[in-house]
Amino acid sequence: MTLSTRVGVVIRFEGSMLRQNRTMAMPEQSPDDAPKLPDVGRMAEQWAKTSERSLALMHSFLGKAPTAPAGAEFDHTAIAAFQDLALRLAQNPMALAEAQVDLWKGMVDVWTNTAARMAGVEPSDTPSRKDRRFAGEEWEETVAFDYIKQSYLVVSDWMQNLVSSADGDMDPAAARKVKFLSRQFVSAISPANFIATNPKVLKETVKTGGENLLAGLNNLLADLERGEGQLKISMTDEAAFEVGRNVASTPGKVVFRNRLFELIMYQPSTEKVHKVPILFVPPWINKFYVLDLKPENSLIKWVVDQGHTLFVISWINPDDSLKDVSFADYMRDGVLV
């Protein structure tokens, strides 16, 4: 469908669109989807507790000497890489102009497709792209959110294509850095990341009477409290597992300890015992109980049930006192001790 055809469709269907708006019936809602009226008293109590936690966290944070997070040094090479990108774009004005025309065409396509849908006509060439951020049906069925999504995709593609068109002559390391940071920026401005432009969040907000937003705020406060003022995002429920109860439940005892590790000994569970014991050395980044998650899939339990005496190294959680320790130290004082 060409631009002129689409505009014609919009004009011809304008009258019918107005008539449809007058007679359009609202879809029936199931009781589960009906908006929930918030419990004002309970919400006020929850907001008061949240405010109290926020103030306590703020006072705690302000009372500490400002320190930069570990590894938070300013990356001057990133600034230099983007300056190089801007210079190369300026040296090729034709490529920049072509990119701007492509952006304009893409936005015109989005606008005309949206106008056609508002007129009751489904365009035959609506761009489609699988993106898990926009997997909900609301992104497709609601014209406004489809417009927001398509506009974002056009702009994000334009930005990344523009970067790719100019990085051919750049230093490879700088080009990779520019591409990486550009992708991060494009992902950060996705409409799925904002309440007002995410239909799934808005639907849940109406359904729960705003309690989902309050729960999210409490999760944010918990992450800030865990990081003592810095955002330390939790990916799991850290209170769900307890060593010795529902993880690492195979009986064992510490028989040796130094500054880098503890050595845990597991006795065989059989009457006959193999003469030569076994030593497990987990990777430095893993806890020893990755080998002993549950009795049903525990390698440690299986080994002792086969009649083996087993020793397992449990690496220490390093802190600032071990900041100068190298992998050679781990080898010498750990595996080869």
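**Exercise 1.** Which residues do ring pairs link into a cluster?

Solution. The model is predicted. In it, the cluster joined by ring pairs consists of F256, F261, W284, W315, F327 and Y330. The count of aromatic pairs comes to 10.

**Exercise 2.** Classify the geometry of the aromatic pair formed by W284 and W315, and locate both residues.

Solution. Step one is the distance: the ring centres of W284 and W315 are 5.9 Å apart, and the limit for a pair is 6.5 Å. Step two is the angle between the planes, 35 degrees. Stacked needs under 30 degrees and edge-to-face over 60, so the remaining class is tilted. The W284–W315 pair is therefore tilted. Step three is the location: W284 sits in the loop between β3 (278-280) and α11 (299-305), while W315 belongs to strand β4 (residues 310-315). The two are 31 residues apart, and the pair links distant parts of the chain.

**Exercise 3.** Decide whether W284 and W315 are buried, partly exposed or exposed.

Solution. Buried means under 20% relative accessible area and exposed over 50%. W315 has 5%, so W315 is buried. W284 has 35% relative accessibility and therefore counts as partly exposed.

**Exercise 4.** Describe how helices α9 and α10 meet.

Solution. First, the axes of α9 (residues 199-208) and α10 (residues 211-226) come within 7 Å and cross at roughly 110 degrees. The range 65 to 115 degrees counts as roughly perpendicular, so α9 is roughly perpendicular to α10. Next, the contact residues are V201, E204, T205 and T208 on α9, with E211, N212 and L213 on α10. Finally, sorting this contact by class gives 2 nonpolar, 3 polar and 2 charged residues.

Key. Residues are numbered from 1 along each chain as its sequence is written. This is a predicted model: local features need pLDDT of at least 70, side-chain atom pairs count only at pLDDT 80 or more; totals for chains, interfaces and linings use all residues. Side-chain values use heavy atoms; hydrogens and water are left out. Rings of Phe, Tyr and Trp (its six-membered ring) pair if their centres lie within 6.5 Å; planes under 30 degrees apart count as stacked, over 60 as edge-to-face and the rest as tilted. Helices (H or I, at least four residues) and strands (E, at least two) are DSSP runs, numbered from the N terminus. Buried means under 20% relative accessible area, exposed over 50%, partly exposed in between (1.4 Å probe, protein chains only). Axes are lines fitted to C-alpha atoms, for helices over the stretch in contact, and angles run from 0 to 180 degrees between N-to-C directions. Angles under 35 degrees count as roughly parallel, over 145 as roughly antiparallel, 65 to 115 as roughly perpendicular and the rest as oblique. Contact means heavy atoms within 4.5 Å. Ala, Val, Leu, Ile, Met, Phe, Trp, Tyr, Cys and Pro count as nonpolar, Asp, Glu, Lys and Arg as charged, and the others, Gly among them, as polar.
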